[in-house]
Structures are given as structure tokens and as C-alpha cells.
Amino acid sequence: MSTRIAFLKGHGTENDFVIVPDPENAIDLPPAAVAALCDRRAGIGGDGLLHVVRSAAHPEAKDMAAEAEWFMDYRNGDGSVAEMCGNGVRVFARYLQHAGLVTEGDLAVATRGGVKTVHLAKDGDITVGMGRARLPEGDVTVSVGERSWPARNVNMGNPHAVAFVDDLAHAGDLFSPPPFSPASAYPDGVNVEFVVDRGPRHVALRVHERGSGETRSCGTGACAVAVAAARRDGADPAVTGTPATYTVDVPGGRLVITERPDGEIEMTGPAVIVAEGTIHPEWLETAVR
């Protein structure tokens with residue numbers, strides 16, 4: 001690396017990301033480089049990294065190029081690759097708008113979890129079509145210390161275990177991944193949401209994100225929680241024939257999740273660009289050695 005690399009910093013309900021624009025997929029970002037950039041003390045700091053690439057230029061997205069010009073090559077804070085990130089899609093779309101690459105209205109974004117539809121509203125909020133949830137069968141249990149809870153297995157393009165608890169403090173410090181069983185339920189790890197009720201169709205959560213630890217928000221997690229809550233509450237839209245909307249409070253703000261009778265899920269919330277600058281190549285080269 002001989003030239004400085006442009007970056008931005010953004011967040012969606014305080015789920016924060018390093019953004020690296022790279023339309024032609026010319027920048028090598030191995031896991032060690034991503035982890036160094038996301039380091040909150042020695043790097044820029046973020047729950048994850050959004051690598052902004054034209055779909056046609058990325059081998060994992062070129063088949064989606066006809067539907068979506070841009071590919072969100074998302075990485076977790078530890079450098080590992082992830083299928084999807086709901087808050088990340090909103091911040092990704094906000095970056096494209098900030099850069100003058102898109103305007104208000106509808107947008108398609110390619111992800112490893114498929115093409116996502118996005119709407120940038122005039123009031124500033126961004127709505128993402130998150131697709132349909134899958135509900136794998138089988139009992140799952142999550143634990144913290146001596147406490148254990150049954151959890152709902154929900155897949156939003158990435159895996160989630162949703163546990164309803166009496167107090168969010170029961171989730172502990174969430175520094176380490178909460179143990180779960182059976183191990184076969186999540187062979188590649190899982191995002192774990194601990195959920196309490198705040199009122200009718202209003203819940204709050206804390207989350208341990210796979211590869212990142214506890215985060216201030218998780219978009220796919222908020223969707224998984226809304227789906228699990230609707231099933232628990234007897235409000236499955238496929239059964240009732242009417243949409244189910246839940247307000248989901250996260251430590252970093254609030255998201256609104258709607259599941260339609262056809263199974264499609266929409267997530268609405270804010271997204272903010274907070275800074276931009278350049279990465280010194282000498283630092284990055286040293287950081288990954």
C-alpha cells in the first residue's frame with residue numbers, strides 16, 4: 001500500500017462502522033487489517049467494516065450486478081466475514097447518498113444475504129427490506145452463568161437465538177459469547193438477543209453479536225426479536241392476515257420492525273455519517289504484521 005486509503009465513520013442506532021469506499025475492489029482487506037481498523041484503542045474503532053464495492057467488481061456479487069449496482073462487503077469487528085448486517089445496510093445507503101451516488105427514494109444493495117431493497121426517506125430515516133425470516137425447528141437453550149433460557153432460533157440471513165428474560169441485566173457483561181445448546185444448532189456461531197417487554201408490541205434488547213461482542217444495536221437481531229415476539233404473542237402475520245409492527249429499543253436508540261402477511265420484513269431507523277479522513281498505509285502495514 002503506497003497511497004492513503006479513504007475512510008468514513010458512521011453509525012445506525014450507535015452500531016458503528018468503518019466505511020472503506022473501493023468501487024473497483026482494488027484494496028486488499030485481510031482479516032488482520034479489518035480487525036486493526038475496528039480496534040477502538042489502536043485503530044479507528046467500529047463494530048464492523050463496510051467495504052463499498054461495485055457488485056460487478058466483486059466475485060461474490062457479480063451475479064447480483066444486474067439487480068444492484070453496489071455490494072456491501074461486510075466484515076465483523078474481528079475481521080471475519082458476515083452474511084448481513086441490518087444497521088450496516090442503512091449506513092451503507094447513507095454513505096452512497098452522502099457521496100452523491102444515490103438520491104432519496106428506492107435503492108437495491110447486494111449483500112451476502114441477497115439483494116436488499118432500501119428506501120431513503122425525506123425525513124432522514126431509512127427503511128430496509130430485510131427479506132423473510134426462517135425459523136429452524138428444534139429446541140435451543142442459551143445460558144449466562146447459572147441461568148438458562150429457551151431461545152427461538154431465527155435466521156435473518158444470519159443466525160439468531162432470541163431469549164425472553166425478566167431483566168436485561170441477566171445477560172451479564174456479554175464480553176464472551178453466551179453458551180448455547182445444542183452445538184449443532186449453530187455450527188458457525190450465533191448472535192444472541194436477550195429481550196424484555198416494555199409494553200404492547202414494544203420490547204427492548206441487549207445483544208452479543210457473533211465476532212463483535214456486545215453492540216449498541218443489531219438490525220437483523222431487532223428483526224429476529226420482532227419475529228420471535230410475534231410468534232410468542234400469537235400475532236404471526238401469516239396466520240392473522242395483518243402486518244405485525246414492533247418497536248424495538250436497543251441500547252443505541254430505537255428501530256421499528258414490520259412483518260407483512262407475505263413474510264417480508266421491513267426495518268426503519270436512522271443512519272448517520274460522523275467523520276471522514278484517510279488511513280495512513282504505513283500504520284496499516286505495521287498493524288497487520
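Trainee: Which residues does Asn87 touch, leaving out those up to four places away in sequence?
Mentor: This is a predicted model, and in it Asn87 touches Gly12, Thr13, Asn15, Phe17, Ser217, Cys218, Gly219, Leu255 and Met267.

Trainee: Is Asn87 buried or exposed?
Mentor: Asn87 is buried, because its relative accessible area is 0% and the cut-off for buried is under 20%.

Trainee: And where does Asn87 sit?
Mentor: Asn87 belongs to helix α2, which covers residues 86-98.

Trainee: Which side chain does the Asn87 side chain make a polar contact with?
Mentor: The partner is Arg90, and the contact is 2.7 Å.

Trainee: New topic: cysteines. How many disulfides are there?
Mentor: The count is zero. A disulfide is a covalent bond that links the sulfur atoms of two cysteines.

Trainee: Okay, on to pockets. How much space is in the largest pocket?
Mentor: About 160 Å³. Its lining includes Ala35, Cys38, Asp39, Arg40 and Glu214.

Trainee: What classes of residue make up that lining?
Mentor: Two are nonpolar, five are polar and five are charged.

Trainee: Which elements each supply at least two residues of the lining?
Mentor: Those are α1 (31-38) and β14 (213-215).

Trainee: Tell me about α1, then. Which of its residues are buried?
Mentor: Ala33, Val34, Ala36, Leu37 and Cys38. Cys38 is also part of the pocket lining.

Trainee: What covers those buried residues of α1?
Mentor: The cover includes the strands β2 (15-21), β3 (48-54), β4 (70-76) and β18 (272-279), along with the helix α5 (281-287).

Trainee: How many cavities of 30 Å³ or more are there?
Mentor: A search of the whole structure finds one. The volume of the largest cavity is about 90 Å³.

Trainee: Which residues lie nearest its centre?
Mentor: Asn76, Met84, Asn158, Asn191 and Glu209, out of 14 lining residues. By class, the lining has five nonpolar, six polar and three charged residues.

Trainee: And which elements each give at least two residues to that lining?
Mentor: β4 and α3 (219-232) do.

Terms used: Residues are numbered from 1 along each chain as its sequence is written. This is a predicted model: local features need pLDDT of at least 70, side-chain atom pairs count only at pLDDT 80 or more; totals for chains, interfaces and linings use all residues. Side-chain values use heavy atoms; hydrogens and water are left out. Helices (H or I, at least four residues) and strands (E, at least two) are DSSP runs, numbered from the N terminus. Buried means under 20% relative accessible area, exposed over 50%, partly exposed in between (1.4 Å probe, protein chains only). A polar contact is a pair of N or O atoms within 3.5 Å; within protein, one must be able to donate a hydrogen and the other to accept it, and residues adjacent in sequence count only if both atoms are side-chain atoms. Contact means heavy atoms within 4.5 Å. On a 1 Å grid over the protein atoms alone, a cavity is a set of points where a 1.4 Å probe fits but cannot get out, and a pocket is an open set with protein on both sides within 12 Å along at least five of seven lines; lining residues have an atom within 4 Å of a point. Grid points are joined across faces, edges and corners, and a volume is the space filled by probe spheres set on the points. Ala, Val, Leu, Ile, Met, Phe, Trp, Tyr, Cys and Pro count as nonpolar, Asp, Glu, Lys and Arg as charged, and the others, Gly among them, as polar. A disulfide is a pair of cysteine sulfur atoms within 2.5 Å.
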